[in-house]
Amino acid sequence: MAVGDNSGRAWQRMLSGRRLDLLDPSPLDVEITDIAHGLARVARWNGQTSGDHAFSVAQHSLIVEDVFSRCNPRATADEQLMALLHDAPEYVIGDMISPFKAVVGGGYETVEKRLEAAIHLRFALSPHPSADLKSQIKKADRVSAYFEATELAGFSQSEAKKFFGQPRGISRDSLSMEPLPAFRAQALFLRRFEEIESARRPGAKVAP
């Protein structure tokens, strides 16, 4: 809300035309096109990465889902979709680096959780992942963070190992780490979403 604005507006207008209430988000106002568009334009590491383009949350999400699926070959399509959408609230609230999240505290987490629930319900998922699933997705997230840190964000391997742990069973060469233009990252995110959605239909199998 702008200084001097007494309207109390707490919603964001999306390019789809939806108006998403940040304090009480409705699943009916969530569109995958808005999510993909937003995440492809939100920079990881506050933009402090090498390359001609920002490394976007959309790209990060694709890597996390890829790592999660490889480490959990029996994962259901619903679980894969939760992995892909694990940072989806950031299409509205941005990617806040972990040190600043710790400073902000509960208020940020409350909004994030409400958005997560609305997004999940929009796509017929549980409002939040189970503790075990959340742990498995977090492991994949840390693998991605390690390689992003060392390949793009200027961390030494020892620093990255300290903060994110040493990846096991996943090599840098097997991941697509080259920062992409926003339109390309957006298209890849939408394509993977559609692949998983197709696999959620009865009798279908998720694409590798």
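Let's start with Thr 49: at 14% relative accessibility, this residue counts as buried, where buried means under 20% relative accessible area, exposed over 50%, and partly exposed in between, with a 1.4 Å probe and protein chains only. Thr 49 sits in the loop between helix 1 and helix 2. By helices I mean DSSP runs of H or I with at least four residues, and by strands runs of E with at least two, numbered from the N terminus. Setting aside neighbours within four places in sequence, Thr 49 is in contact with Arg 44, Ala 54, Phe 55, Leu 152 and Ala 153; contact here means heavy atoms within 4.5 Å.

A quick word on what you are looking at. This is a predicted model, in which local features need pLDDT of at least 70 and side-chain atom pairs count only at pLDDT 80 or more, while totals for chains, interfaces and linings use all residues. Residues are numbered from 1 along each chain as its sequence is written, and side-chain values use heavy atoms, with hydrogens and water left out.

Is Trp 45 buried or exposed? With a relative accessible area of 17%, Trp 45 is buried. Asn 46 is in the loop between helix 1 and helix 2 as well, and has a positive phi near 55°, again in a residue other than glycine.

Now the whole chain. There are nine helices and two strands, and from the N terminus on the order is β-β-α-α-α-α-α-α-α-α-α. Of the 208 residues, 43% are buried. If you take contacts between residues at least 6 apart in sequence, 61% of them join residues at least 24 apart.

Ile 32 is found in helix 1 and counts as buried, at 11% relative accessibility. Not counting residues up to four places away, Ile 32 touches Leu 85, Phe 123, Phe 189, Leu 190 and Phe 193. Then there is Asp 34, also found in helix 1. A charged side chain, yet at 7% relative accessibility Asp 34 counts as buried. Leaving aside neighbours within four places, Asp 34 is in contact with Met 14, Leu 15, Ser 16, Arg 18 and Tyr 91. Asp 34 and Tyr 91 are 57 residues apart in sequence and 7.6 Å apart in space, C-alpha to C-alpha.

On to helix 2. This helix has 15 residues and reaches 21 Å from its first C-alpha to its last, close to the 21 Å expected at 1.5 Å a residue; the expected span is 1.5 Å times one less than the number of residues. How many of its residues are buried? Helix 2 is mostly covered, with 12 of its 15 residues buried, including His 60, Glu 65 and Phe 68. Those buried residues pack against helix 1, helix 3 (77-84), helix 4 (90-93), helix 7 (131-151) and helix 9 (182-199). A nonpolar core is a set of buried Ala, Val, Leu, Ile, Met, Phe, Trp, Tyr and Cys residues joined through side-chain atoms within 4.5 Å. The largest has 54 residues, and Ile 35, Leu 85, Tyr 91, Phe 123 and Phe 189 touch the most other members. Helix 7 gives the most to this core, with eight residues. Beyond its neighbours within four places in sequence, Phe 189 has contacts that include Ile 35, Leu 39, Ala 58 and Leu 85.

Last stop, the second largest pocket. Its space is about 300 Å³. What lines it? There are 13 lining residues, of which Leu 62, Ile 63, Leu 188, Arg 191 and Arg 192 lie nearest the centre. The largest share, five residues, comes from helix 2. For the grid details: points lie on a 1 Å grid over the protein atoms alone, a pocket is an open set with protein on both sides within 12 Å along at least five of seven lines, and lining residues have an atom within 4 Å of a point.

Methods: 1 Å grid on protein atoms, 1.4 Å probe; cavity = no way out; pocket = protein on both sides within 12 Å on 5 of 7 lines; lining within 4 Å. Points joined across faces, edges and corners; volume = space filled by probe spheres on them.
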